[in-house]
Amino acid sequence: MRPSLFPSDDSLPTWLQTTLCLAVPFPFSIILWWNAGLALLTGHLEPQSGPEFGQYLFGNTNLMGHSAYWAAGSMILLGASFATMGLAFTRHAEDHRWLKALPWTLLPLSLVVIFFVRSPP
């Protein structure tokens, strides 16, 4: 077993370390998944405001139909990327190399799906 990135984590029980690793990114995932679920159910997605610099994730107009579905798919993949980011830091991921690579494959996949989102004219 290689030395831990955070040596203080070695003293925690496995269940607590796993819980803490998953509790940090999951709120971000849940927010994305909630909005994506609403977009899939209604076929409508309102503008999703981004970070402090004032950008919008899919533009500043409402998305309808196929564009809303593509945007929801991208949000689901981005949320999965956040969730698996926490999973990649657990002790279980030390034995499974694919768990460490999964967030870094879901993130670019989410960005590729964004290119299929078309803003209404």
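Predicted model: local features only at pLDDT ≥ 70, side-chain atom pairs only at ≥ 80, totals over all residues.
Q: Which residues of H3 and H4 meet?
A: From H3 the list includes Trp70, Gly73, Ser74, Leu77, Leu78 and Ser81. Among the H4 residues they meet are Leu99, Lys100, Trp104, Leu107, Ser110 and Ile114.

Q: How do the residues of that contact divide into nonpolar, polar and charged?
A: The contact of H3 with H4 has 16 nonpolar residues, five polar and one charged.

Q: Take Ser110 in H4. Buried or exposed?
A: Ser110 is buried, with a relative accessible area of 1%; the cut-off for buried is under 20%.

Q: What does Ser110 touch?
A: Not counting residues up to four places away in sequence, Ser110 touches Ser74, Leu77 and Leu78.

Q: What about Ile114, how accessible is that one?
A: Ile114, also found in helix H4, has a relative accessible area of 22%, so it counts as partly exposed.

Q: Which contacts does Ile114 have beyond its neighbours in sequence?
A: Leaving aside neighbours within four places, Ile114 is in contact with Phe58 and Ser74. The C-alpha atoms of Ile114 and Leu57 are separated by 9.0 Å, although the two residues are 57 apart along the chain.

Q: Switching to H2 and H3. How do their axes cross?
A: At roughly 160°, with the axes coming within 8 Å. That makes H2 roughly antiparallel to H3.

Q: Left-handed or right-handed?
A: The crossing of H2 and H3 is left-handed.

Q: Which residues are in that contact?
A: H2 brings residues including Phe26, Phe28, Leu32, Trp33, Asn35 and Ala36. In H3 they meet residues such as Tyr69, Ala72, Met75, Ile76, Gly79 and Phe82.

Q: How many are nonpolar, polar or charged?
A: The contact of H2 with H3 divides into 16 nonpolar, three polar and no charged residues.

Q: Next topic, the largest nonpolar core. Which residues make it up?
A: There are twelve: Leu32, Ala36, Ala39, Leu45, Phe58, Leu63, Ala68, Ala71, Ala72, Met75, Leu78 and Val117.

Q: Which helix gives the most to this core?
A: H3 does, with five residues. Helix H2 (26–42) and H3 each supply at least two.

Q: Is Ser67 buried or exposed?
A: Ser67 is buried, with a relative accessible area of 12%.

Q: Last one, where is Asn62?
A: Asn62 is in the loop between strand E1 (44–45) and strand E2 (63–64). Its relative accessibility is 37%, so Asn62 counts as partly exposed.

Q: How far is Asn62 from His44?
A: C-alpha to C-alpha, Asn62 and His44 are 7.1 Å apart in space, and they are 18 residues apart in sequence.

Key. Residues numbered from 1 in each chain as written. Heavy atoms only, no water. Contact = heavy atoms within 4.5 Å. Helix = DSSP H or I, 4+ residues; strand = E, 2+ residues; numbered from the N terminus. Nonpolar A, V, L, I, M, F, W, Y, C, P; charged D, E, K, R; others polar. Core = buried A, V, L, I, M, F, W, Y, C linked by side-chain atoms within 4.5 Å. Buried < 20%, exposed > 50% of the residue type's maximum accessible area, 1.4 Å probe, protein only. Axes fitted to C-alpha atoms, helices over the stretch in contact; angles between N-to-C directions. Parallel < 35°, antiparallel > 145°, perpendicular 65-115°, else oblique. Left-handed = near helix turned anticlockwise from the far one by under 90°.
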